[in-house]
Amino acid sequence: MTKNKKLNAWIEEMAELNQPDNIVLIDGSEEQAEKLRAEACASGEIFKLNQDLLPGCYLHRTAVNDVARVEHRTFICTTNKEDAGPNNNWMDPQECYAKLSKLYKNSMRGKTMYVIPYSMGVVGSEFAKNGIELTDSIYVVLNMIIMTRVGSAVLDSIGEDGDFVKGLHSRANMDENERYITHFPEDNTIWSINSGYGGNVLLGKKCFALRIASYLGRKEGWMAEHMLILGIESPDGNVDYLAAAFPSACGKTNLAMLIPPEIYTQKGYKVWTVGDDIAWLRVGEDGRLWAMNPENGFFGVAPGTNMKSNPNALLSTKKDTIFTNVVHNLENNSVWWEGLDKNPPHNAIDWKGNPWDPTTSDQKGAHPNSRFTAPIRNCPCVSSEFENPKGVPISAIVFGGRRAKTAPLVYQSRDWDNGVFVGSIMASETTAAASGAVGVVRRDPMAMLPFVGYNMGDYFAHWLEMGTKIKNQPKIFNVNWFRLTDEGDFVWPGFGDNFRVLEWIMKRCKNEVDARETEIGYVPYAKDINLDDLNYEISEGRPFNVDELEAILSVEKDYWIKDVENIEEFYAKFGSRMPAKLLEELAGLKSRLTK
Ligand code: GTP
Ligand code: SPV
Ligand code: MN
């Protein structure tokens with residue numbers, strides 16, 4: 001099938017196990033993709049949308065019990081349990097292979113097995129890595145074609161004896177009780193079964209580019225992070241880059257392509273998108289930290305996306321996009337979701353496939369984790385550096401979570417090690433991006449709790465170690481766009497107005513503005529966050545103003561002291577793998593708060 005003997009042997013072995021009727025190699029051609037779209041339309045797997053309104057766009061609905069990542073069914077299979085750490089579910093590799101082999105057995109009978117060669121990063125470039133995904137789902141093939149670089153060029157880059165990450169996905173019988181997303185970092189292998197939802201089955205994304213890649217990064221001296229990458233162009237034409245890690249559904253896509261408020265765009269400020277979800281970071285020859293986006297598409301949250309909150313995301317979905325679990329608008333064969341506009345269609349099908357009319361239904365039309373898969377090249381503000389295989393030099397790293405209280409709007413760490421500490425104590429309310437309860441605060445260090453492919457204690461040590469290798473270290477910050485009033489309204493306007501905070505961050509990087517030193521780090525003086533032309537009502541009759549800003553910039557000690565207790569418990573889980581430096585940082589914070 002290919003020129004690579006190892007690859008051929010593995011495909012044969014997997015075919016022997018799964019027993020597909022046919023095997024089809026994905027070559028990356030538009031002709032083949034078009035044939036597959038037609039086939040998936042004929043079988044009802046996808047619906048072709050109004051090609052005048054949305055050329056090249058399709059709609060897909062997953063099974064109703066298969067709408068998000070399943071963290072409780074996700075496993076890291078290392079020889080030693082401790083290497084997976086308390087942050088991961090663990091299974092013995094041999095036991096897992098044996099258990100899942102039984103489930104894969106004959107699972108592709110009567111079906112086709114697609115062989116998808118894909119590259120994370122620009123094909124054949126120095127920091128790119130190759131993978132092969134075997135799947136029985138055309139939906140997966142079509143999504144991988146958007147999300148990654150796919151086809152024959154990747155096989156050429158793997159060559160006759162090159163390496164690749166082996167990914168096997170079978171929808172099997174979609175039994176949610178036998179659903180497994182398993183990783184074998186010691187043999188570059190991913191096995192996924194009984195799901196058809198994005199993060200569980202687009203194996204290049206979270207499985208490879210975060211879980212396997214984070215493991216490889218630690219071995220090879222680089223980092224794979226759950227981060228967006230954006231460039232801020234100043235009126236003088238200079239572009240500074242920052243990378244930001246927020247947990248799932250906490251605003252990465254929105255920040256990555258934000259449009260600054262008019263007072264800034266008029267002066268010539270612009271934001272350029274390099275990536276919205278994953279960054280691979282290395283130390284460059286110049287001693288700076290460089291970040292590249294290994295993906296080629298956006299798998300973005302649909303609800304809440306509109307021409308006001310995120311026009312660049314919405315415009316990215318106007319062609320060649322696959323929508324998953326949104327409302328099918330039968331009035332004009334297009335799509336709709338909560339927060340798109342105030343005109344929901346009355347003749348429509350909801351995400352479950354049932355007739356839906358918002359005037360009579362009390363159910364949401366789109367699933368809260370409904371998504372669009374859109375090519376990055378569609379984005380009006382895609383960075384000219386997106387295709388640069390080396391990526392971009394990073395001036396600031398920003399951590400952030402969804403916290404109703406406790407975390408201030410923004411603060412800066414004292415130095416790299418303290419910044420690693422700030423990342424390690426992140427917490428956020430859970431969202432619909434993963435199955436399980438929504439809105440529960442949990443510790444989510446660096447927004448990587450579900451994605452570190454090894455022991456998180458070792459991961460923290462790797463972050464500290466990386467700091468010693470970066471001569472010109474990025475400054476590290478923490479933001480929280482999600483502070484709530486007691487009535488449950490967002491205090492901070494968010495979205496485009498987040499640029500006002502980014503401006504302060506960039507000024508801090510250039511030593512252009514002072515800050516107030518507090519127990520947790522450097523906090524802005526309220527006067528240094530530009531509120532010019534900001535018209536936001538927190539709730540009716542309560543305009544946002546400088547007093548509200550002061551309030552969300554304050555360090556509320558009682559909350560922080562409670563948080564420290566929770567952090568101590570969290571850290572304790574990692575026992576001897578927990579770096580002493582972070583324990584010292586925690587002790588320091590505690591003593592500053594209680595003195
Ligand atoms: P994943 O793709 O799951 O990794 O999510 P993400 O981090 O890219 O999150 P995304 O940008 O898609 O935002 C998720 C949700 O948060 C959407 O419903 C947004 O409308 C909302 N959101 C994003 N930014 C802000 C903000 O600044 N303020 C408020 N209040 N909501 C925001
Ligand atoms: C996330 O959950 O962080 C996502 C979506 O980006 S998924 O690809 O499903 O992981
Ligand atoms: Mn994500």
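1. Ser248 and ligand 2. In this predicted model, a polar atom in the side chain of Ser248 sits 2.5 Å from an oxygen atom of ligand 2. The protein covers 98% of the 280 Å² of accessible area that ligand 2 has on its own.

2. Other polar contacts of ligand 2. The side chain of Tyr197 places an N or O atom 2.7 Å from an oxygen atom of ligand 2. Arg69 has a polar side-chain atom 2.9 Å from an oxygen atom of ligand 2.

3. The surroundings of ligand 2. The residues around this ligand include Lys205, Lys206, His226, Asp277 and Phe451. By class, the shell around ligand 2 holds 4 nonpolar, 3 polar and 5 charged residues. Domain 1 (5–45 + 73–220) and domain 2 (225–293 + 386–593) each supply at least three residues to this shell.

4. Polar contacts of ligand 1. A polar side-chain atom of Arg371 lies 2.7 Å from an oxygen atom of ligand 1. Ligand 1 taken alone exposes 660 Å², of which the protein buries 91%.

5. Two or more shell residues come from each of α9 (252–256) and β18 (297–301); α9 gives the largest share, 3 residues. Of the 21 residues around ligand 1, those that come nearest are Ala249, Lys252, Thr253, Asn254 and Arg371. The shell comprises 10 nonpolar, 7 polar and 4 charged residues. Domain 2 (225–293 + 386–593) and domain 3 (297–376) each contribute at least three residues to the shell around ligand 1.

Key: Residues are numbered from 1 along each chain as its sequence is written. Chains are lettered from A and ligands numbered from 1 in the order in which they are written. This is a predicted model: local features need pLDDT of at least 70, side-chain atom pairs count only at pLDDT 80 or more; totals for chains, interfaces and linings use all residues. Side-chain values use heavy atoms; hydrogens and water are left out. A residue is near a molecule or strand if one of its heavy atoms lies within 4 Å of it. A polar contact is a pair of N or O atoms within 3.5 Å; within protein, one must be able to donate a hydrogen and the other to accept it, and residues adjacent in sequence count only if both atoms are side-chain atoms. Accessible areas come from the Shrake-Rupley method with a 1.4 Å probe; for residues, only the protein chains shown count as cover. Ala, Val, Leu, Ile, Met, Phe, Trp, Tyr, Cys and Pro count as nonpolar, Asp, Glu, Lys and Arg as charged, and the others, Gly among them, as polar. Domain bounds come from an automatic or database domain assignment. Helices (H or I, at least four residues) and strands (E, at least two) are DSSP runs, numbered from the N terminus.
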